[in-house]
Amino acid sequence: MTTTTDERTLADLQREHGAALFRFLLGLTFGDRQRAEDLLQETLVRAWQHPEAFDAPYASMRPWLFTVARRLAIDARRSRQARPAEVGDVVLETAADGEDTAEATVSALDVREAVRALSPDHREVLVQMYFRGLTVNETAQALGIPPGTVKSRSYYALRRLARSLPGYSSSSSSASRASSGTASATCT
């Protein structure tokens, strides 16, 4: 059976050296009170587990306690540096949602393939309007065609995309409906 330090001796040790030891550990932990408290507790556990330290020829237990505390702080620091840093709740709350990018990548590839399948005239209009952000008139000037032709080609290109991308038809249908409303308004 192992012997341990009696409770009264340990309580006296904590009362006599606890505050100074805590301040020392607070400095070693760069002001982290929780970590300093944990290290103080672990230091006192070591004193409890090693009653032979009380029999040493020291006038005070303080040097032994401070040495143990310093070594525990060094070990704890090395241990933390050996593993990835923990992330606090504040960082997690402000971090962007970790949405799955695979689905977005597959969608982009599907749209790219569907755009490639369009005729060159229809593809040119969509590239100018939707990928470069030009207006109908700017697209007409860039391609050297009338604005009505731009509207017509974009309408039919969007309809073709809606048919070739059935899983994406809800957003494509609203885009093609908006385009058809514009086209029919200018044609009347």
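Visitor: Which elements are included in what covers the buried residues of α3?
Guide: The buried residues of α3 are Trp64, Leu65, Phe66, Val68, Ala69, Leu72 and Ala73. Their cover includes two helices, residues 7-28 and residues 33-49, namely α1 and α2.

Visitor: Which residues have the most contacts inside the largest nonpolar core?
Guide: The largest nonpolar core has 21 residues. Helices α1, α2 and α3 each supply at least two residues of this core. Those with the most contacts inside it are Leu13, Leu21, Leu25, Trp64 and Leu65.

Visitor: Leaving aside neighbours within four places in sequence, what is Leu65 in contact with?
Guide: Leu65 is one of the buried residues of α3. With neighbours within four places in sequence left aside, its contacts are Leu13, His17, Leu21, Thr43 and Ala47.

Visitor: How many residues does the second, separate core have?
Guide: This second core is separate and includes Ala114, Ala157, Leu161 and Leu165. Its residue count is eight.

Visitor: How many residues apart in sequence are the parts that the pair of Phe24 and Phe66 ties together?
Guide: The count of aromatic pairs comes to two. One of them joins Phe24 and Phe66, tilted, with 4.8 Å centre to centre and 40° between the planes. Phe24 lies in helix α1 and Phe66 in helix α3, so the parts tied together are apart in sequence by 42 residues.

Visitor: What kind of aromatic pair do Tyr155 and Tyr156 form?
Guide: The centres of Tyr155 and Tyr156 are 4.9 Å apart. Planes over 60 degrees apart count as edge-to-face. The planes here are at 75°, so by that cut-off the pair is edge-to-face.

Visitor: Is Tyr155 buried or exposed?
Guide: Buried means under 20% relative accessible area. Tyr156, at 45% relative accessibility, counts as partly exposed. Tyr155 has 19% relative accessibility and therefore counts as buried.

Visitor: Which helix has the lowest mean pLDDT among the elements of the chain?
Guide: The chain averages a pLDDT of 80, and 80% of the residues score at least 70. Over residues 171-188 the pLDDT is below 50. Where pLDDT is low, the predicted coordinates should not be read in detail. Helix α7 has the highest mean, 93, and the lowest, 42, belongs to helix α9.

How values were computed:
Residues are numbered from 1 along each chain as its sequence is written. This is a predicted model: local features need pLDDT of at least 70, side-chain atom pairs count only at pLDDT 80 or more; totals for chains, interfaces and linings use all residues. Side-chain values use heavy atoms; hydrogens and water are left out. Buried means under 20% relative accessible area, exposed over 50%, partly exposed in between (1.4 Å probe, protein chains only). Helices (H or I, at least four residues) and strands (E, at least two) are DSSP runs, numbered from the N terminus. Contact means heavy atoms within 4.5 Å. Rings of Phe, Tyr and Trp (its six-membered ring) pair if their centres lie within 6.5 Å; planes under 30 degrees apart count as stacked, over 60 as edge-to-face and the rest as tilted. pLDDT is the predictor's confidence in each residue, from 0 to 100. A nonpolar core is a set of buried Ala, Val, Leu, Ile, Met, Phe, Trp, Tyr and Cys residues joined through side-chain atoms within 4.5 Å.
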